[in-house]
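Please read the following alongside the sequence and the three-dimensional view, which are shown next.

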Amino acid sequence: MVTYGSLFPSRFTNPIDAMQKSASCSGSEQSTVTPITRRAMAAIPDTFVFNEIGPVSTQLARLNQSPAVKREARMDVEAFRSMVQDRRSVRGYRIDPVPREVIEDIIDIARGAPSSMNTQPWHFHVLTGEPLDLIRQGNTERMVNGASPQREIPLNHGYEGAHRDRQIEIAVQLFESMGIAWEDKERRRDWAMRGFRQFDAPVSIVVTVDRTLENDAVGHFDCGAVTYGLVLAAWTKGLGCVINGQGIMQSDVVREHANIPEDQVIMTCVAMGYPDDDFVANDVKSTRRPVEEVANFVGFDG
Ligand SMILES: Cc1cc2nc3c(=O)[nH]c(=O)nc-3n(C[C@H](O)[C@H](O)[C@H](O)COP(=O)(O)O)c2cc1C
């Protein structure tokens, strides 16, 4: 079986493993082997690492404990926490176009996402203007005419149990914010149509995966990671997004107008634009399960 360990050249792994072992033996230095330290260690010639393991480790530990590094790290944590907690899906947009350079920078940030074996199996098709309008039109017409959804990746048809409860909860929150009564089928249908039109966002980024990984859950996982990166990076620039499965519900329409090559498979799309602050559904804050419910800690007590 191919594993991470078997793929990395020993020049890279051995010195670091040795150092980590040394650090954990001494106890006090264990937590100082951060990614920055690892990078720095990787740059040190093997012979030096093997021969001088103690001094190098101590030196790098000191570097990571400098007051400047600590202060910066604290600031980053709070900025990161509020970015993650303040972000929400945006479903109402201003018509203002989003400059291409801004989107390029968002993709530049997002491409730093991790992926299995660093395969980076993702592609981004950034659409605006006429091609995007043609996709909205084709997607909507087909859904109105009762065409069954046509997605390119396997899909769970209908949530159940707790998943279904949460699906209903967010729908109720959105409808209540918009003043849409649950019985009002027409307005609920209009809302669904907004989704098929990608909420009239000025930009849509279609995320695709290499076809060789079409049925590979790990490749799909990688695309999820990079897509969240896109959404967060956009948020830092004052842009809103909604990851929008409805927008690719008729994937062959998307494929045609976005000119997607045959060796890629459509995963999802991300509607993006400057949020319309008067659109009330943009204020909806969805709930999250608490840490005690989602996490199981093992070996921490005693
Ligand atoms: C894979 C995926 C597909 C989604 N598709 C849709 C969609 O088709 N329509 C929609 O309104 N929201 C869609 N969403 C947004 C979710 O409803 C939203 O992320 C969730 O309710 C949590 O709310 P928040 O993003 O505001 O925190 C999708 C999200 C993900 C991750």
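Helix 10 is followed by Q198, whose phi is positive, near 60°; helices here are DSSP runs of H or I of at least four residues, numbered from the N terminus. This is a predicted model, in which local features need pLDDT of at least 70 and side-chain atom pairs count only at pLDDT 80 or more, while totals for chains, interfaces and linings use all residues. Residues are numbered from 1 along each chain as its sequence is written.

Turn next to helix 8 (residues 129–144) and helix 12 (residues 251–258), whose axes come within 9 Å and cross at roughly 160°; axes are lines fitted to C-alpha atoms over the stretch in contact, with angles running from 0 to 180 degrees between N-to-C directions. The two helices are therefore roughly antiparallel, the term for angles over 145 degrees, whereas angles under 35 count as roughly parallel, 65 to 115 as roughly perpendicular and the rest as oblique. On the helix 8 side P131, L134, I135, G138, N139 and R142 meet V253, V254, H257 and A258 of helix 12, contact requiring C-beta atoms, placed from the backbone, within 7 Å. By class, this contact has six nonpolar, three polar and one charged residues, where Ala, Val, Leu, Ile, Met, Phe, Trp, Tyr, Cys and Pro count as nonpolar, Asp, Glu, Lys and Arg as charged, and the others, Gly among them, as polar.

Helix 7 (residues 100–110) and helix 11 (residues 217–236) pack at about 135°, with their axes 8 Å apart, which makes helix 7 oblique to helix 11. I106, I109 and A110 of helix 7 make the contact with V226, G229, L230, A233 and A234 of helix 11, a set with seven nonpolar, one polar and no charged residues.

Terms used:
Contact = placed C-beta atoms within 7 Å.
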